[in-house]
Amino acid sequence: MSVWLIEPLDPLIARDGRPAAVGRFTTTGFPYPSMVAGAVRTRMGSENGAFTLEGDALKELTKKVHVRGPLLAELSPDDGTVDQWLAPAPRDAVFLEEKGVIARRCLAPRPLDAGQSLDSLVEKGLLPLGFQGDSVHGKPPKDIPSFWSWCTFASWLSAPKDQTGVDLSSLGTKPLPVETRVHLALQSGERVGIDGMLFQTSGLRFLQEGKTRLAPRRFALSLQCQGATVAGRSLELHEQTAPLGGERRLARWSPASENWPEMPGNMKETIVATRHARLILLTPAMFKNGSLPAWNDQDWPLGGPIKAKVRAAAVPRPEVVSGWDLAADNGPDKPKGRPKPTRRLAAAGSVYFLDLEGGTVQDVERWCEDTWLACVSDDEQSRRDGFGLAVLGVWEEKTL
């Protein structure tokens, strides 16, 4: 798969499928994979700016064109090459501030004392998460970064540990800022507004203030995709300026200057030795059982003899996504052009603590290689759309 960058030239409106209320078109905090996957397939299926695929070719397009992402990338202000990759903040890292000092604490599975019980966790075979070591004091500080630089993130994957005196600004960047605009409908053929025809949009800004006004910080969405042959046509992405998101605002599409990061060198050996792994979601995942994957202690969705059993999980409240179905007519009960079912997603940054069972040492090594930056949602189409992009980390089982 090749890596591509999409750099919005205007604030990006990334809708989640909910209807606009009182003339307001709002954006999500970060685009969902389905929006990016749909935009990629539209670009591939277009000729001279017009989308020309229809009928069964639409279904073939969604099955053959696989998209992974999006991830956030920071670009060089000079030439637009990738300065650094960014990852969503992992949910097993907790920041607390006391007397002006910020500490980062690590969450890990914590066995229960005799006589304790947490019915909702025990029924699912899960352990609670807790801090290790000394008692914890403080409150969450302001301006916790939503995205970590990959250097910081890779260190957390390989060796998660508590730290005192953390500089939050050095970890990564805050959420993408939202810009709000007010629009007015005009009389056709005249430069006169229509009374009462006001509406408002909000979009994500990918160009932010830098060290100087002449060197702003540039951000882009990155994705992996591959070409395909659909209805006898060979489809590929091409470097271009084309619409993305609501209001068909323009974005610059270009191949990335480098590939996505590789797995840290010592991580695979540690996972093989301990048969413990943390699975961290970089994009929201679609699981049939809510926050708990259907592959828990079952066949791995990517194949192979290894089974992954979830011992504990750090998952925030779910995200909700819908959309619009433009595929060919599926019969009277499912006509063309209808809303997609609303789905609840495990949010990006969710962490699953896994025990790896079955297989040989070579099978575990292959499992690590296949899972790194692959999609692990339950159903195949969600994986094709980029839901559940994941990386791996290590964890050590603690005892009280």
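C225 is buried, with a relative accessible area of 2%, where buried means under 20% relative accessible area, exposed means over 50% and partly exposed lies in between (1.4 Å probe, protein chains only). C375 is buried as well, at 5%, and a search of the whole structure finds 0 disulfides, a disulfide being a pair of cysteine sulfur atoms within 2.5 Å. This is a predicted model, in which local features need pLDDT of at least 70 and side-chain atom pairs count only at pLDDT 80 or more, while totals for chains, interfaces and linings use all residues. Residues are numbered from 1 along each chain as its sequence is written, and side-chain values use heavy atoms, with hydrogens and water left out.

**Salt bridges**

- Side chains of opposite charge can pair when their charged atoms come close.
- The whole structure holds 15 salt bridges, each being a side-chain nitrogen of Lys or Arg within 4 Å of a carboxyl oxygen of Asp or Glu.
- One of them joins D385 and R41 at 2.8 Å, N to O, and this pair links distant parts of the chain, with D385 in the loop between α7 (380-384) and β29 (389-393) and R41 in helix α1 (residues 33-44), 344 residues apart.
- Helices (H or I, at least four residues) and strands (E, at least two) are DSSP runs, numbered from the N terminus.
- D385 is buried at 10% relative accessible area, and R41 also counts as buried, at 7%.
- In another salt bridge, the closest N and O atoms of D92 and R278 are 2.7 Å apart; D92 lies in the loop between β6 (82-88) and β7 and R278 in strand β21 (residues 276-281), so the pair ties together parts that are 186 residues apart in sequence.
- D92 has a relative accessible area of 0% and R278 one of 1%, so D92 is buried and R278 counts as buried.
- E47 and R233 form a salt bridge whose closest N and O atoms are 3.8 Å apart, and it links strand β3 (residues 46-47), which holds E47, with strand β18 (residues 233-235), which holds R233, 186 residues apart.
- E47 counts as partly exposed at 40% relative accessibility, and R233 counts as partly exposed at 21%.
- E7, R218 and R252 are linked in a network of salt bridges.

**Aromatic pairs**

- The whole structure contains 9 aromatic pairs, in which rings of Phe, Tyr and Trp (its six-membered ring) have centres within 6.5 Å, and planes under 30 degrees apart count as stacked, over 60 as edge-to-face and the rest as tilted.
- The ring centres of F95 and W148 are 6.3 Å apart and their planes stand at 70°, so this pair is edge-to-face.
- F95 belongs to strand β7 (residues 93-98) and W148 to strand β10 (residues 147-149), so the pair ties together parts that are 53 residues apart in sequence, and both F95 and W148 are buried.
- A cluster of linked ring pairs brings together F287, W295, W300, Y352 and W367.

**The second largest pocket**

- The lining of the second largest pocket consists of 39 residues, of which P88, R91, S146, E319 and A348 lie nearest its centre.
- At least two lining residues come from each of β5 (67-75), β6, β7, β10 and β23 (319-321).

Key: 1 Å grid on protein atoms, 1.4 Å probe; cavity = no way out; pocket = protein on both sides within 12 Å on 5 of 7 lines; lining within 4 Å.
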